[in-house]
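Here's a quick briefing for anyone meeting this structure for the first time. Have a look at it, then read on.

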Amino acid sequence: MPAFWVIDTRCQVLPQSALPQDGSAYYYGRSVVPAESKESAIEKLVAALKEQDILVETVLATVVYEDGLWDDDDEFEVQASFEEASDSNEIEIGCFLSEKSMKGN
Amino acid sequence: MPNGAMTLAEGSQQKDYKTDATLILNGIDARGYILRTAYDPLPVWKAKYAKGASPFYPRLKTGIREAALIDEEIWVFGIDGTRSKDIIDAVIIASAYYKVTARYFLNSIYIKNLNAENERGMDLKLLVRKNKALYEETVAAIKEACAHFGIKDSVSIHVYSSSINYKIPKDDLHQALKLGGASSVETDPRKFNFRSASNDNKLRARVDTNMHVARLDF
(Lines give C-alpha, C1' and ligand atoms only; values in the text may rest on other atoms or scores of the structure.)
Protein backbone atom coordinates (compact mmCIF):
# COMPACT_ATOMS: atom_id res chain seq x y z
CA MET A 1 0.00 0.00 0.00
CA PRO A 2 1.73 3.20 -1.11
CA ALA A 3 1.81 6.25 1.14
CA PHE A 4 1.05 9.77 -0.01
CA TRP A 5 4.19 11.83 0.39
CA VAL A 6 4.03 15.60 0.58
CA ILE A 7 7.23 17.04 -0.85
CA ASP A 8 8.21 20.71 -0.56
CA THR A 9 10.61 21.88 -3.25
CA ARG A 10 12.46 24.93 -4.41
CA CYS A 11 12.64 24.91 -8.20
CA GLN A 12 14.00 26.76 -11.17
CA VAL A 13 11.61 27.02 -14.08
CA LEU A 14 12.79 27.13 -17.69
CA PRO A 15 11.23 29.89 -19.83
CA GLN A 16 9.51 27.39 -22.13
CA SER A 17 7.65 25.68 -19.25
CA ALA A 18 3.85 26.00 -19.35
CA LEU A 19 3.91 27.08 -15.68
CA PRO A 20 2.77 30.73 -15.39
CA GLN A 21 5.89 32.81 -14.64
CA ASP A 22 6.86 36.31 -13.53
CA GLY A 23 10.65 36.29 -13.88
CA SER A 24 11.28 34.94 -10.35
CA ALA A 25 14.56 33.11 -9.81
CA TYR A 26 12.77 30.40 -7.79
CA TYR A 27 9.33 28.86 -7.46
CA TYR A 28 8.23 26.95 -4.36
CA GLY A 29 6.09 23.85 -4.66
CA ARG A 30 4.24 21.40 -2.39
CA SER A 31 3.34 18.26 -4.29
CA VAL A 32 1.63 15.00 -3.33
CA VAL A 33 3.25 11.80 -4.58
CA PRO A 34 1.96 8.23 -4.08
CA ALA A 35 4.99 5.97 -3.58
CA GLU A 36 6.28 3.02 -1.53
CA SER A 37 9.20 4.95 -0.07
CA LYS A 38 10.39 8.48 0.49
CA GLU A 39 13.32 8.03 -1.91
CA SER A 40 11.09 6.68 -4.64
CA ALA A 41 8.60 9.57 -4.09
CA ILE A 42 11.33 12.18 -4.51
CA GLU A 43 12.70 10.44 -7.59
CA LYS A 44 9.23 10.28 -9.19
CA LEU A 45 8.53 13.93 -8.46
CA VAL A 46 11.86 15.18 -9.79
CA ALA A 47 11.27 13.24 -13.03
CA ALA A 48 7.66 14.45 -13.38
CA LEU A 49 8.64 18.09 -12.86
CA LYS A 50 11.56 17.82 -15.27
CA GLU A 51 9.12 16.74 -17.95
CA GLN A 52 7.37 20.08 -17.40
CA ASP A 53 10.68 22.01 -17.63
CA ILE A 54 10.68 22.54 -13.86
CA LEU A 55 14.03 21.69 -12.25
CA VAL A 56 14.12 20.77 -8.58
CA GLU A 57 16.99 22.69 -6.97
CA THR A 58 16.36 21.62 -3.37
CA VAL A 59 13.98 19.25 -1.62
CA LEU A 60 13.03 21.26 1.46
CA ALA A 61 10.90 18.72 3.33
CA THR A 62 9.22 15.36 2.83
CA VAL A 63 6.44 14.04 5.06
CA VAL A 64 3.61 11.52 4.82
CA TYR A 65 0.35 13.47 4.28
CA GLU A 66 -1.33 12.17 7.42
CA ASP A 67 1.65 13.22 9.54
CA GLY A 68 1.48 16.84 8.45
CA LEU A 69 -0.53 19.65 9.99
CA TRP A 70 -2.04 21.54 7.09
CA ASP A 71 -3.72 24.92 7.21
CA ASP A 72 -7.28 24.92 5.89
CA ASP A 73 -6.25 27.48 3.31
CA ASP A 74 -2.86 25.98 2.47
CA GLU A 75 -1.37 28.27 -0.19
CA PHE A 76 -0.08 25.31 -2.19
CA GLU A 77 -3.58 23.73 -2.21
CA VAL A 78 -2.25 20.56 -0.59
CA GLN A 79 -5.68 19.26 0.48
CA ALA A 80 -7.02 19.39 -3.07
CA SER A 81 -3.82 17.74 -4.32
CA PHE A 82 -4.18 14.98 -1.73
CA GLU A 83 -7.81 14.33 -2.69
CA GLU A 84 -6.95 14.14 -6.37
CA ALA A 85 -3.87 11.99 -5.79
CA SER A 86 -6.00 9.62 -3.66
CA ASP A 87 -8.54 9.32 -6.49
CA SER A 88 -6.10 8.94 -9.34
CA ASN A 89 -3.11 7.41 -7.54
CA GLU A 90 -0.97 9.81 -9.57
CA ILE A 91 1.34 12.69 -8.68
CA GLU A 92 -0.45 15.99 -8.02
CA ILE A 93 1.98 18.85 -8.51
CA GLY A 94 -0.12 21.46 -6.68
CA CYS A 95 0.08 25.24 -7.00
CA PHE A 96 3.55 26.82 -7.09
CA LEU A 97 4.29 30.16 -5.43
CA SER A 98 6.75 32.40 -7.19
CA GLU A 99 9.47 33.98 -5.10
CA LYS A 100 8.27 37.44 -6.15
CA SER A 101 4.66 36.74 -5.17
CA MET A 102 5.85 35.60 -1.71
CA LYS A 103 7.75 38.79 -1.02
CA GLY A 104 4.60 40.89 -1.34
CA ASN A 105 2.78 38.89 1.34
CA MET B 1 -20.26 54.81 -16.46
CA PRO B 2 -22.18 51.53 -16.65
CA ASN B 3 -21.52 49.39 -13.63
CA GLY B 4 -20.61 46.08 -15.25
CA ALA B 5 -17.76 44.14 -16.82
CA MET B 6 -17.01 41.20 -19.07
CA THR B 7 -14.12 38.74 -18.78
CA LEU B 8 -12.64 36.52 -21.46
CA ALA B 9 -10.84 33.16 -21.29
CA GLU B 10 -11.75 32.24 -17.71
CA GLY B 11 -10.44 29.02 -16.21
CA SER B 12 -11.23 27.93 -12.68
CA GLN B 13 -14.19 29.46 -10.86
CA GLN B 14 -12.22 29.49 -7.61
CA LYS B 15 -11.26 32.68 -5.88
CA ASP B 16 -7.79 33.93 -6.83
CA TYR B 17 -8.00 32.07 -10.15
CA LYS B 18 -10.96 33.82 -11.74
CA THR B 19 -10.19 37.16 -13.30
CA ASP B 20 -10.47 40.17 -11.01
CA ALA B 21 -13.02 42.38 -12.74
CA THR B 22 -13.19 45.04 -10.04
CA LEU B 23 -9.90 46.85 -10.51
CA ILE B 24 -9.79 50.00 -12.54
CA LEU B 25 -6.94 52.33 -13.31
CA ASN B 26 -6.14 54.50 -10.26
CA GLY B 27 -8.91 53.22 -8.07
CA ILE B 28 -11.23 50.46 -7.06
CA ASP B 29 -14.79 50.16 -8.18
CA ALA B 30 -17.39 47.60 -7.21
CA ARG B 31 -18.99 45.97 -10.22
CA GLY B 32 -22.65 45.15 -10.33
CA TYR B 33 -23.07 43.00 -13.44
CA ILE B 34 -20.34 40.54 -14.27
CA LEU B 35 -20.31 38.39 -17.39
CA ARG B 36 -17.59 35.74 -17.35
CA THR B 37 -16.77 33.74 -20.45
CA ALA B 38 -14.70 30.59 -20.83
CA TYR B 39 -13.09 29.30 -24.02
CA ASP B 40 -13.83 25.70 -23.15
CA PRO B 41 -17.28 24.25 -23.85
CA LEU B 42 -19.08 23.34 -20.61
CA PRO B 43 -18.26 19.58 -20.56
CA VAL B 44 -14.54 20.28 -21.13
CA TRP B 45 -14.55 23.05 -18.53
CA LYS B 46 -16.21 20.76 -15.98
CA ALA B 47 -13.66 18.01 -16.56
CA LYS B 48 -10.78 20.44 -16.04
CA TYR B 49 -12.01 22.54 -13.16
CA ALA B 50 -14.90 20.89 -11.38
CA LYS B 51 -13.29 17.52 -10.68
CA GLY B 52 -13.96 15.79 -7.40
CA ALA B 53 -16.29 18.36 -5.88
CA SER B 54 -18.65 18.27 -8.90
CA PRO B 55 -20.47 21.45 -7.96
CA PHE B 56 -23.92 21.80 -9.42
CA TYR B 57 -24.61 25.13 -11.01
CA PRO B 58 -28.01 26.17 -12.32
CA ARG B 59 -27.96 25.94 -16.10
CA LEU B 60 -29.58 28.73 -18.06
CA LYS B 61 -31.64 28.05 -21.16
CA THR B 62 -30.18 30.29 -23.81
CA GLY B 63 -30.72 28.42 -27.06
CA ILE B 64 -27.39 29.59 -28.46
CA ARG B 65 -24.66 28.96 -25.91
CA GLU B 66 -24.20 27.01 -22.72
CA ALA B 67 -24.40 29.25 -19.69
CA ALA B 68 -24.54 28.78 -15.94
CA LEU B 69 -24.84 30.83 -12.81
CA ILE B 70 -21.78 30.51 -10.61
CA ASP B 71 -21.62 32.50 -7.37
CA GLU B 72 -24.38 34.76 -8.68
CA GLU B 73 -22.44 35.68 -11.80
CA ILE B 74 -23.30 34.57 -15.28
CA TRP B 75 -20.78 32.37 -17.09
CA VAL B 76 -21.05 31.60 -20.80
CA PHE B 77 -19.01 28.69 -22.18
CA GLY B 78 -17.40 27.95 -25.55
CA ILE B 79 -16.59 31.61 -26.18
CA ASP B 80 -13.57 32.25 -28.39
CA GLY B 81 -12.50 35.85 -27.76
CA THR B 82 -11.07 36.16 -31.26
CA ARG B 83 -14.57 35.75 -32.77
CA SER B 84 -16.85 38.77 -32.57
CA LYS B 85 -19.91 36.53 -33.04
CA ASP B 86 -19.00 34.63 -29.84
CA ILE B 87 -18.59 37.87 -27.87
CA ILE B 88 -21.90 39.19 -29.22
CA ASP B 89 -23.72 35.96 -28.26
CA ALA B 90 -22.33 36.09 -24.71
CA VAL B 91 -23.33 39.74 -24.29
CA ILE B 92 -26.85 39.03 -25.58
CA ILE B 93 -27.25 36.26 -22.97
CA ALA B 94 -25.96 38.47 -20.12
CA SER B 95 -28.06 41.46 -21.21
CA ALA B 96 -31.19 39.32 -21.19
CA TYR B 97 -30.33 37.84 -17.81
CA TYR B 98 -29.41 41.06 -15.99
CA LYS B 99 -31.85 43.20 -18.04
CA VAL B 100 -29.26 45.87 -18.88
CA THR B 101 -27.79 47.02 -22.20
CA ALA B 102 -24.67 45.64 -23.86
CA ARG B 103 -22.69 48.73 -22.81
CA TYR B 104 -22.70 47.48 -19.22
CA PHE B 105 -20.42 44.61 -20.21
CA LEU B 106 -18.45 45.98 -23.13
CA ASN B 107 -17.27 49.23 -21.54
CA SER B 108 -14.89 47.31 -19.24
CA ILE B 109 -13.33 44.09 -20.39
CA TYR B 110 -10.87 42.03 -18.34
CA ILE B 111 -8.49 39.37 -19.60
CA LYS B 112 -5.92 37.35 -17.66
CA ASN B 113 -2.99 35.71 -19.46
CA LEU B 114 -4.29 34.71 -22.89
CA ASN B 115 -2.17 31.86 -24.15
CA ALA B 116 -2.19 29.87 -27.38
CA GLU B 117 -3.32 26.25 -27.13
CA ASN B 118 -0.83 23.35 -27.33
CA GLU B 119 2.15 25.33 -26.11
CA ARG B 120 3.97 22.25 -24.82
CA GLY B 121 7.12 21.64 -26.82
CA MET B 122 6.52 24.76 -28.89
CA ASP B 123 9.47 27.01 -29.68
CA LEU B 124 9.25 30.06 -27.41
CA LYS B 125 9.56 32.53 -30.31
CA LEU B 126 6.69 30.84 -32.10
CA LEU B 127 4.60 30.91 -28.91
CA VAL B 128 5.20 34.67 -28.53
CA ARG B 129 4.13 35.19 -32.16
CA LYS B 130 1.00 33.11 -31.61
CA ASN B 131 0.15 34.96 -28.41
CA LYS B 132 0.61 38.33 -30.11
CA ALA B 133 -1.79 37.23 -32.84
CA LEU B 134 -4.23 36.05 -30.17
CA TYR B 135 -4.29 39.44 -28.42
CA GLU B 136 -4.46 41.34 -31.70
CA GLU B 137 -7.39 39.27 -32.95
CA THR B 138 -9.15 39.54 -29.58
CA VAL B 139 -8.98 43.34 -29.55
CA ALA B 140 -10.22 43.45 -33.14
CA ALA B 141 -13.13 41.13 -32.26
CA ILE B 142 -14.06 43.25 -29.23
CA LYS B 143 -14.04 46.32 -31.46
CA GLU B 144 -16.36 44.62 -33.94
CA ALA B 145 -18.70 43.52 -31.15
CA CYS B 146 -18.82 47.11 -29.84
CA ALA B 147 -19.66 48.35 -33.36
CA HIS B 148 -22.42 45.73 -33.58
CA PHE B 149 -24.09 47.13 -30.45
CA GLY B 150 -23.50 50.75 -31.54
CA ILE B 151 -21.17 51.54 -28.65
CA LYS B 152 -19.58 54.91 -29.32
CA ASP B 153 -17.91 55.88 -26.05
CA SER B 154 -14.50 54.69 -25.01
CA VAL B 155 -13.95 51.07 -24.03
CA SER B 156 -11.19 49.82 -21.69
CA ILE B 157 -9.60 46.40 -22.05
CA HIS B 158 -7.70 45.42 -18.89
CA VAL B 159 -5.05 42.76 -19.46
CA TYR B 160 -3.37 41.03 -16.53
CA SER B 161 0.02 39.76 -17.61
CA SER B 162 3.39 39.92 -15.91
CA SER B 163 5.65 42.44 -17.62
CA ILE B 164 8.30 39.70 -17.41
CA ASN B 165 6.29 37.00 -19.12
CA TYR B 166 8.32 34.84 -21.48
CA LYS B 167 5.15 33.83 -23.31
CA ILE B 168 4.48 37.46 -24.27
CA PRO B 169 6.79 40.19 -22.93
CA LYS B 170 5.30 43.62 -22.18
CA ASP B 171 6.48 45.36 -25.37
CA ASP B 172 5.08 42.58 -27.54
CA LEU B 173 1.80 42.70 -25.63
CA HIS B 174 1.43 46.47 -26.07
CA GLN B 175 2.28 46.22 -29.75
CA ALA B 176 -0.32 43.48 -30.26
CA LEU B 177 -3.05 45.45 -28.46
CA LYS B 178 -2.34 48.46 -30.68
CA LEU B 179 -2.28 46.37 -33.85
CA GLY B 180 -5.71 45.07 -32.85
CA GLY B 181 -7.05 48.62 -32.76
CA ALA B 182 -6.29 50.10 -29.31
CA SER B 183 -5.67 53.85 -29.50
CA SER B 184 -3.47 53.77 -26.38
CA VAL B 185 -2.06 51.26 -23.88
CA GLU B 186 -0.90 52.11 -20.35
CA THR B 187 0.63 49.94 -17.63
CA ASP B 188 -0.83 50.49 -14.19
CA PRO B 189 1.99 51.24 -11.71
CA ARG B 190 0.52 48.86 -9.12
CA LYS B 191 1.65 45.24 -8.84
CA PHE B 192 -0.81 42.47 -8.21
CA ASN B 193 -0.47 38.80 -7.59
CA PHE B 194 -2.99 36.24 -8.69
CA ARG B 195 -3.14 32.54 -9.27
CA SER B 196 -2.92 31.42 -12.83
CA ALA B 197 -2.95 28.09 -14.64
CA SER B 198 -1.73 26.61 -17.90
CA ASN B 199 -4.53 26.12 -20.45
CA ASP B 200 -4.85 22.45 -19.51
CA ASN B 201 -4.97 23.40 -15.79
CA LYS B 202 -2.13 20.96 -15.06
CA LEU B 203 0.39 23.60 -13.97
CA ARG B 204 -0.67 26.32 -11.57
CA ALA B 205 1.21 29.10 -9.84
CA ARG B 206 0.71 32.27 -7.87
CA VAL B 207 2.73 34.93 -9.66
CA ASP B 208 3.25 38.67 -9.63
CA THR B 209 1.39 40.36 -12.42
CA ASN B 210 0.89 43.76 -14.01
CA MET B 211 -2.26 45.34 -15.38
CA HIS B 212 -2.14 46.84 -18.86
CA VAL B 213 -5.07 48.97 -19.98
CA ALA B 214 -5.84 49.32 -23.67
CA ARG B 215 -8.33 51.95 -24.73
CA LEU B 216 -10.58 51.72 -27.77
CA ASP B 217 -11.96 54.92 -29.24
CA PHE B 218 -14.70 55.14 -31.80
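What follows is a short tour, grouped by topic.

This is a predicted model, so treat it that way: local features need pLDDT of at least 70, side-chain atom pairs count only at pLDDT 80 or more, and totals for chains, interfaces and linings use all residues. As for names, residues are numbered from 1 along each chain as its sequence is written, while chains are lettered from A and ligands numbered from 1 in the order in which they are written.

**Chain B overall**

- Chain B has 5 helices and 12 strands; these are DSSP runs numbered from the N terminus, with helices being H or I of at least four residues and strands being E of at least two.
- Of the 218 residues in chain B, 46% are buried. Buried means that 20 or more other C-beta atoms lie within 10 Å of a residue's own, exposed means 12 or fewer, and partly exposed is in between, with C-beta atoms placed from the backbone.
- Take the contacts in chain B with a separation of 6 or more: 71% of them are between residues 24 or more positions apart. A contact here means two C-beta atoms, placed from the backbone, within 7 Å.

- Just after helix 4 of chain B, B:G150 takes a positive phi of about 70°.
- The axes of helix 2 and helix 4 of chain B come within 8 Å and cross at roughly 50°. Axes are lines fitted to C-alpha atoms, for helices over the stretch in contact, and angles run from 0 to 180 degrees between N-to-C directions.
- Helix 2 and helix 4 of chain B are therefore oblique to each other; under 35 degrees would be roughly parallel, over 145 roughly antiparallel, 65 to 115 roughly perpendicular, and the rest is oblique.
- On the helix 2 side of chain B, B:S84, B:I87, B:I88 and B:V91 meet B:A141, B:I142, B:E144, B:A145 and B:H148 of helix 4.
- B:I93 sits in helix 2 (residues 84-98) of chain B and is buried, with 23 other C-beta atoms within 10 Å.
- B:I93 and B:R36 are 57 residues apart in sequence and 11 Å apart in space, C-alpha to C-alpha.

**A hairpin in chain B**

- Strand 6 (residues 67-70) and strand 7 (residues 73-77) of chain B run antiparallel, joined by 4 bridges. Strands pair if DSSP finds at least two bridges between them.
- B:A67 has B:V76 in strand 7 of chain B as its bridge partner.
- This hairpin has 2 residues between the strands, and B:D71 takes a positive phi near 50° there.

- Most residues other than glycine have a negative phi.
- A:D53 is not a glycine, yet has a positive phi of about 60°. A:D53 is in the loop between helix 1 (38-51) and strand 3 (54-64) of chain A, and counts as partly exposed with 17 C-beta neighbours inside 10 Å.
- B:N113, also not a glycine, has a positive phi of about 45°. B:N113 is in the loop between strand 8 (108-112) and helix 4 of chain B, and counts as buried with 23 C-beta neighbours inside 10 Å.

**Where the chains touch**

- The contact takes 21 residues from chain A and 23 residues from chain B.
- Strand 4 of chain A gives the most to the side of chain A that touches chain B, with 4 residues.
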